[in-house]
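Please look at the sequence and the model below before reading on.

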Amino acid sequence: MPRPPRRFAAGGLYHVNARGSNREPLYSTEGDRIVFEERFAGVVRAYDLRCVGLVQMTNHYHAVLQTPDARLSDALRDLHGGYSRLYCRVYGRDAHLFKNRFGAVEIETERQLLTAMRYIHLNPVRAGLCERPEDWRWSSYASTIGLVPEPAYLSVGLLLDLLSPDRRRAQERYRRFVEDGAEEIRHLRSLAAVLP
C-alpha cells in the first residue's frame with residue numbers, strides 16, 4: 001500500500017535533505033555537482049520556490065526552501081527523478097540513486113532558521129571536507145556572506161533581513177555566527193585528538 005502524501009504548508013519554510021541509496025555518493029565528478037545545481041535551479045524556478053541555502057555533500061545534500069503553494073513534494077520529485085535518470089544513464093546504473101523519501105523539517109521561528117542555516121553551512125567542516133565553510137565550493141555560504149555573486153536560485157534576503165536591514169552588516173553578523181560554530185567544531189576536534 002502506498003504511503004500517504006505529506007502535507008506542506010503554502011508559504012512554509014523547510015529544511016530538506018536527501019541521501020544517496022545505501023549512503024552511496026550522489027556525485028562522481030565536479031560535473032555531476034554542476035548538473036545537480038543546474039537542475040536544482042530549474043526546479044526552484046519552475047515551482048517558484050525560494051531557496052535560502054544549499055549545500056551538496058558527498059552522499060547527501062541539504063537545502064532550506066520556502067514553497068509558495070505546498071508543492072514541495074512535486075518539486076523534489078522532479079529534482080530527484082530528473083537528476084537520477086540522467087546520472088543512471090551516464091554511469092550505467094539501474095538502481096535508485098536517492099534513498100527513500102527526502103527529509104523535511106518545518107522551520108517555524110527565526111531562531112530555527114538561523115540554526116538550520118548554520119547547521120547546513122557547517123556540514124562540510126563537520127565532515128572534514130574543508131577547514132572553513134567559505135572554502136567549500138558546493139555551498140551557498142560564500143554567496144550568503146558576499147564573497148561570491150549570489151546565484152539566481154538563491155534568496156539570501158530571507159535570512160539576512162533577520163540580522164540587519166543593512167546587507168553588509170547582516171552578512172558580517174551571519175559570518176560571525178557561523179564562525180563561532182566552526183570554532184566549536186575545531187575545539188572538539190582538538191579535544192578528541194588528545195583524548196585516549
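**Inside and outside the fold**

At 0% relative accessibility, Cys51 counts as buried. The model is a predicted one, and a search for disulfides in it comes to a count of zero. Cys51 is in no disulfide, and the nearest cysteine sulfur, that of Cys130, is 18 Å away.

Cys51 leads on to Phe40, which touches it. Leaving aside residues up to four places away in sequence, Phe40 touches Cys51, Leu54, Ala63, Leu65, Leu79 and Tyr153. Phe40 also belongs to the largest nonpolar core, which has 56 residues. Which members of this core touch the most other members? They are Phe40, Tyr61, Val64, Leu65 and Tyr174. Several elements each supply at least two residues of this core: strands E1 (13–19), E2 (50–56) and E3 (60–66), together with helices H1 (30–46), H2 (72–91), H3 (110–126), H5 (157–163) and H6 (167–194). The largest share, seven residues, comes from H3.

The aromatic rings come next. The whole structure holds 13 aromatic pairs. Are Phe36 and Tyr83 buried or exposed? Both Phe36 and Tyr83 are buried.

A second pair consists of Tyr87 and Tyr91. Their ring centres are 4.6 Å apart and their planes are at 45°, so the pair is tilted; planes under 30 degrees apart would count as stacked, and over 60 as edge-to-face. Tyr87 and Tyr91 are four residues apart in helix H2, which means that about one helical turn separates them. Tyr87 counts as buried because its relative accessibility is 8%. Tyr91, at 36% relative accessibility, counts as partly exposed. The residues of both pairs belong to one aromatic cluster, which is formed by Tyr27, Phe36, Phe40, Tyr61, Tyr83, Tyr87, Tyr91, Phe98 and Tyr153. Phe40 and Tyr61, named above for their contacts within the core, are among the members of this cluster.

Another ring, that of Phe177, has a charge over it: the charged end of Arg118 sits 4.0 Å from the ring centre.

Now turn to the loops. Where is Ser139 found? Ser139 is in the loop between H3 and helix H4 (141–144). With a relative accessible area of 11%, Ser139 is buried, because buried means under 20%. The side chain of Ser139 reaches the backbone nitrogen of Tyr141 at 3.1 Å. Ser139 also touches Leu54, Val55 and His121, not counting residues up to four places away in sequence. Leu54 is one of the residues that Phe40 touches as well.

Arg132 lies in the loop between H3 and H4 too. Arg132 has a relative accessible area of 41% and is therefore partly exposed.

Most residues other than glycine have a negative phi. What is the phi of Arg23? Phi of Arg23 is near 60°, a positive value in a residue other than glycine. Arg23 is placed in the loop between E1 and H1, and it is exposed, with a relative accessible area of 57%. Asp48 also has a positive phi, near 55°. Its place is in the loop between H1 and E2, where Asp48 is exposed, with a relative accessible area of 55%.

Definitions and conventions: Residues numbered from 1 in each chain as written. Predicted model: local features only at pLDDT ≥ 70, side-chain atom pairs only at ≥ 80, totals over all residues. Heavy atoms only, no water. Core = buried A, V, L, I, M, F, W, Y, C linked by side-chain atoms within 4.5 Å. Buried < 20%, exposed > 50% of the residue type's maximum accessible area, 1.4 Å probe, protein only. Contact = heavy atoms within 4.5 Å. Polar contact = N/O pair within 3.5 Å; in protein donor to acceptor, adjacent residues only side chain to side chain. Phe/Tyr/Trp six-rings, centres within 6.5 Å; stacked < 30°, edge-to-face > 60°. Lys NZ or Arg CZ within 6 Å of the ring centre and 35° of its normal. Disulfide = S-S within 2.5 Å.
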